[in-house]
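Q: Please take a close look at one strand in this structure and what surrounds it.
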Amino acid sequence: MTKIEILPSLLAADFGALADEIRRAEASGADALHIDIMDPHFVPNLSFGPDVVALARRTAPGFPRNVHLMMSRPDLYLEKFVSAGADSVQIHVEADCDVHDALACVRALGAKNAIVFNPETPAEAVLPYLGEVDGVLVMTVHPGYGGQAFIEECLPKIARVRAAAPSLDLMVDGGVNTATAARAAAAGANQLVAGSYLFAQKDMAAAVAGMREVASCAR
Ligand code: DX5
Ligand code: ZN
């Protein structure tokens with residue numbers, strides 16, 4: 001059975017103290033740092049570039065970096081993000097590029113890959129990719145912003161992907177807190193991204209441990 005992993009999303013960190021926030025996330029006992037890369041064509045917002053991935057590597061070399069590319073042309077930036085320190089790279093099925101090629105390129109560069117799909121996209125859209133990925137990411141909010149509510153209608157899509165891929169890593173991203181983490185894990189998710197919930201905690205380590213516990217019990 002796939003292991004439960006918790007990934008704090010840097011988008012919810014205090015941008016005035018990014019290095020401290022990266023250290024706080026690592027010290028919490030979380031499994032990896034989730035770094036959201038946005039271009040304003042793919043989503044109505046902008047976030048970080050490769051320099052922030054490099055900052056995370058410099059600040060916490062032993063804390064894996066999971067890079068979520070919300071970009072129309074992720075294919076043009078894969079080399080930059082992997083050389084900046086991305087250990088895993090997630091590509092949207094809705095991107096404007098050859099997604100099969102982009103996923104293969106991530107692996108050729110030496111990183112793990114995953115396919116992502118948005119709330120309005122059916123699970124069937126990612127099924128053709130299951131044989132060529134290390135993981136699947138089910139978006140449980142509309143990408144672009146942190147702090148949104150978990151879209152409950154996405155739960156059956158998590159279950160659908162888990163039924164089709166019993167041993168792949170299956171991640172959820174958006175609106176995850178202890179309550180929604182339990183429902184996502186019960187549906188089959190094993191990797192939980194949480195931004196605003198975790199970074200708002202005074203004691204992030206206790207929140208990570210609590211989320212791991214409820215998710216493990218929910219399976
Ligand atoms: C949304 C991002 C998420 C976001 C999650 O576009 O992909 O990773 O940071 O934030 P919360 O946990 O606040 O919904
Ligand atoms: Zn994300």
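**A close look at one strand**

A: In this predicted model, strand β6, helix α5 (residues 155-164) and strand β7 make a right-handed β-α-β unit. Right-handed means that, with the strands pointing away from the viewer, the path from the first strand over the helix to the second runs clockwise. Helices (H or I, at least four residues) and strands (E, at least two) are DSSP runs, numbered from the N terminus.

Next, the neighbours. β6 (residues 135-139) and β7 pair in the parallel sense over 5 bridges; pairing requires at least two DSSP bridges between two strands. Leu137 stands opposite Met171 in β7. β7 and strand β8 (residues 191-194) also pair in the parallel sense, over 3 bridges. There, Val172 has Leu192 of β8 as its bridge partner. From β7 the chain crosses through helix α6 (residues 178-187) to β8, again right-handed.

Of the 5 residues of β7 (residues 169-173), 4 are buried, so the strand is largely enclosed by the rest of the structure. Buried means under 20% relative accessible area, with a 1.4 Å probe and protein chains only.

Now the metal. His34 (NE2), Asp36 (OD), His68 (ND1) and Asp173 (OD) coordinate the zinc ion (ligand 2) at 2.0 to 2.3 Å. Donors are N, O and S atoms within 2.8 Å of the metal (3.2 Å for Na, K and Ca). His68 lies in strand β3 (residues 65-70) and Asp173 in β7, so the pair ties together parts that are 105 residues apart in sequence. Both His68 and Asp173 are buried.

Residues are numbered from 1 along each chain, chains are lettered from A and ligands numbered from 1 in the order written. Local features need pLDDT of at least 70, side-chain atom pairs count only at pLDDT 80 or more, and totals for chains, interfaces and linings use all residues, while side-chain values use heavy atoms, leaving out hydrogens and water.

Technical notes. Buried means under 20% relative accessible area, exposed over 50%, partly exposed in between (1.4 Å probe, protein chains only).
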